[in-house]
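Here are my notes on the two-chain model you passed along. Have it open while you read.

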Number of protein chains: 2
Amino acid sequence: MANYPAVEDIRKIGILGGGTIGASWSAWFLARGYDVTAWDPGEGAEAKLRAFVDNAWPQLTELGLSAGADKARLTFVATPEEAVAGADFIQESAPERLDIKRELYARVDGVLGPDAIFASSTSGLVMSEMQQGLKSAPRMVIGHPFNPPHLIPLVEVVAGKETDPAAADWAMDFYRHVGKHPIRLKKELKGHLANRLQAALWREALLAVKEDIASIEDIDAAMAQGPGLRLALMGPHMIFNLAGGKGGMAHFYDHIGPAMEAWWETMQETPKLDAELRAALIKGVEEEAAGRSIDQLEAERDGKLIALLKMLQEKG
Amino acid sequence: MANYPAVEDIRKIGILGGGTIGASWSAWFLARGYDVTAWDPGEGAEAKLRAFVDNAWPQLTELGLSAGADKARLTFVATPEEAVAGADFIQESAPERLDIKRELYARVDGVLGPDAIFASSTSGLVMSEMQQGLKSAPRMVIGHPFNPPHLIPLVEVVAGKETDPAAADWAMDFYRHVGKHPIRLKKELKGHLANRLQAALWREALLAVKEDIASIEDIDAAMAQGPGLRLALMGPHMIFNLAGGKGGMAHFYDHIGPAMEAWWETMQETPKLDAELRAALIKGVEEEAAGRSIDQLEAERDGKLIALLKMLQEKG
């Protein structure tokens, strides 16, 4: 059984994969005052990673840097073994292919410190498929972030069949310690949980597109100008608990439940992602963008997101 | 054909039904500087309505009052005919029963001004069922708000079979003019649109409860600490457009679409709202509340919601 260190004693983070997710993780850990050692085999990967961190740094500064936070504490190395050697915690964000992940895991298995925890950012794979036959398997967990990890607090922690439950507990503590909001899934599940919730929402939104219930701009507003505003503040169950007034969830369940069941009866279809729907979506978001470029829209989203996160920090 | 007035010329709002929704609408229209004449047959209805407006007024003041806004411009009357007579626009929020609505509509049909628009807040009924046989039918539309209407911008506008499309257009203009974010549904639909999107999300969240994927607190965090943060800023399609990077929606569709389809295949179940699930939800939200009362949680939600709305006002 490993002897996991206290989360306060963690100093050095290893990053495997420096694409959008890995780079965003790197920026987050640097902002929290850690030494970060990153590896990515792609061409020009180091420059891209450093550019990402440079871009993210003003945002992270606005949200508040930890003592000692310094972009210069990022080291880029030539092999995954170097990134993992001596690291207290590893965040892996390699491409989403089982063969690539398994090959990478096998390479670092012998180098991983005996008490170090290894977390995978995978959104599409589960740990039981990836950890088989590895010495480090008990210390391997899913730590699935939500894009971009340097801004969104959620991390989904899931153990594989061979994962030591104490390692998953440790990962929960560590993510909490570094300022993320980890949740613990008790079972492995395709897509984990948050993406399934998003997928459920999108399925119904796409049916509205297919059946021409409203323009895509209006379907988007149906969330963002309505229920979406509350979903940034509280989860769906707590919102419905308050929708029940003084009677809380019990009142809501008894009074709104039957309406929900009636709606669900008419919500049994799953759209096919065909060329027609593709064209409708592309046209719809273009109309909604009304001339704003992707860059402008991204700046708008991130500016509002940072203001929202600051507000939530202040209001506790 | 009616000769609809310019939205700027509207002066007097009639409110039918002064429960939570009608009272919240009253507060909104008062804050926007209108004369409001309200009717509700319930015992103590006037006192409750005025108390609601008093409570909401500091929130509305924080968000900004229009010129001339004054709580004293609320008049409470003894009959629906008095509330409707002379009103330029009527917002009806009577109980959600077809017989009650139809009886009420029949009573006011002869009093409604020849150019006045009559909007119903109904969430569960559709206009075609309610407007049949009425002289005013062409000027009757759904104007479904999202709770609480004095804070949440969304209003879903839907025409019934007998509604003049120009009346629905006018309602869109008027709601926009008074600072709401109206959307236009092209078809009548059980639950309209926003509630169906919420129901789709809740269905999947409930399956996670049933299958014990995570605690209710963690399921709530899976939205509120993750995708929910972005859904307050942009709708699901625009979010996915940006998730596609420079390639936008086309890239997202081609690359993430197949994963979505795989998840949907495993998301075909609808939970039964039985006693066991009810008990699990009540227990789960109680644990999540961690001692906070409904009043405290409401104050927390509303405080954050107002801060969020102000931030979105400022950021445009």
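1. Conventions. This is a predicted model, so to speak of local features pLDDT must be at least 70, side-chain atom pairs count only at pLDDT 80 or more, and totals for chains, interfaces and linings use all residues. Residues are numbered from 1 along each chain as its sequence is written, chains are lettered from A and ligands numbered from 1 in the order in which they are written, and side-chain values use heavy atoms, with hydrogens and water left out.

2. The interface overall. Chain A puts 105 residues in contact with 106 residues of chain B, contact being heavy atoms within 4.5 Å. The buried area between them is about 10,800 Å², and carbon and sulfur atoms give 70% of that. Buried area here is the accessible area (1.4 Å probe) that two parts lose on being put together, summed over both.

3. Polar links across the interface. The rule finds 40 residue pairs in polar contact between chain A and chain B, both residues at pLDDT 80 or more. A polar contact is a pair of N or O atoms within 3.5 Å; within protein, one must be able to donate a hydrogen and the other to accept it, and residues adjacent in sequence count only if both atoms are side-chain atoms. On the chain A side, the elements giving two or more residues are strand E8 (181–185) and helices H7 (194–210), H8 (216–224), H9 (227–231), H10 (236–243), H11 (248–265), H12 (275–289) and H13 (294–315). Helices (H or I, at least four residues) and strands (E, at least two) are DSSP runs, numbered from the N terminus. By class, that side of chain A has 59 nonpolar, 21 polar and 25 charged residues. The classes: Ala, Val, Leu, Ile, Met, Phe, Trp, Tyr, Cys and Pro are nonpolar, Asp, Glu, Lys and Arg charged, and the others, Gly among them, polar.

4. Salt bridges. Over all chains the count is 38, and eight salt bridges cross the interface of chain A and chain B. The rule wants a side-chain nitrogen of Lys or Arg within 4 Å of a carboxyl oxygen of Asp or Glu. One of them pairs Asp212(A) with Lys186(B) at 2.7 Å, N to O. Asp295(A) and Lys246(B) also meet in a salt bridge, at 2.7 Å. Asp295(A) sits in helix H13 of chain A and Lys246(B) in the loop between H10 and H11 of chain B, so this pair joins two chains.

5. H12(B) and its partners. Within chain B, the axes of H8(B) and H12(B) come within 8 Å and cross at roughly 70°, which means that H8(B) is roughly perpendicular to H12(B). Axes are lines fitted to C-alpha atoms, for helices over the stretch in contact, with angles from 0 to 180 degrees between N-to-C directions; 65 to 115 degrees counts as roughly perpendicular.

6. H10(B) against H11(B). These two pack at about 100° with axes 7 Å apart. His237(B), Phe240(B), Asn241(B) and Ala243(B) meet Gly248(B), Met249(B), Phe252(B) and Met260(B). The contact holds five nonpolar, three polar and no charged residues.

7. Backbone points to check by eye. Where is the cis peptide bond to Pro148(A)? It joins Asn147(A) and Pro148(A), with omega about -10°, and Pro148(A) is in the loop between strands E6 (140–145) and E7 (154–159) of chain A. Chain B has a cis peptide bond between Asn147(B) and Pro148(B), omega about -10°. His192(A), not a glycine, has a positive phi of about 55° and lies in the loop between E8 and H7 of chain A. Most residues other than glycine have a negative phi, and most peptide bonds are trans.

Terms used:
Angles under 35 degrees count as roughly parallel, over 145 as roughly antiparallel, 65 to 115 as roughly perpendicular and the rest as oblique.
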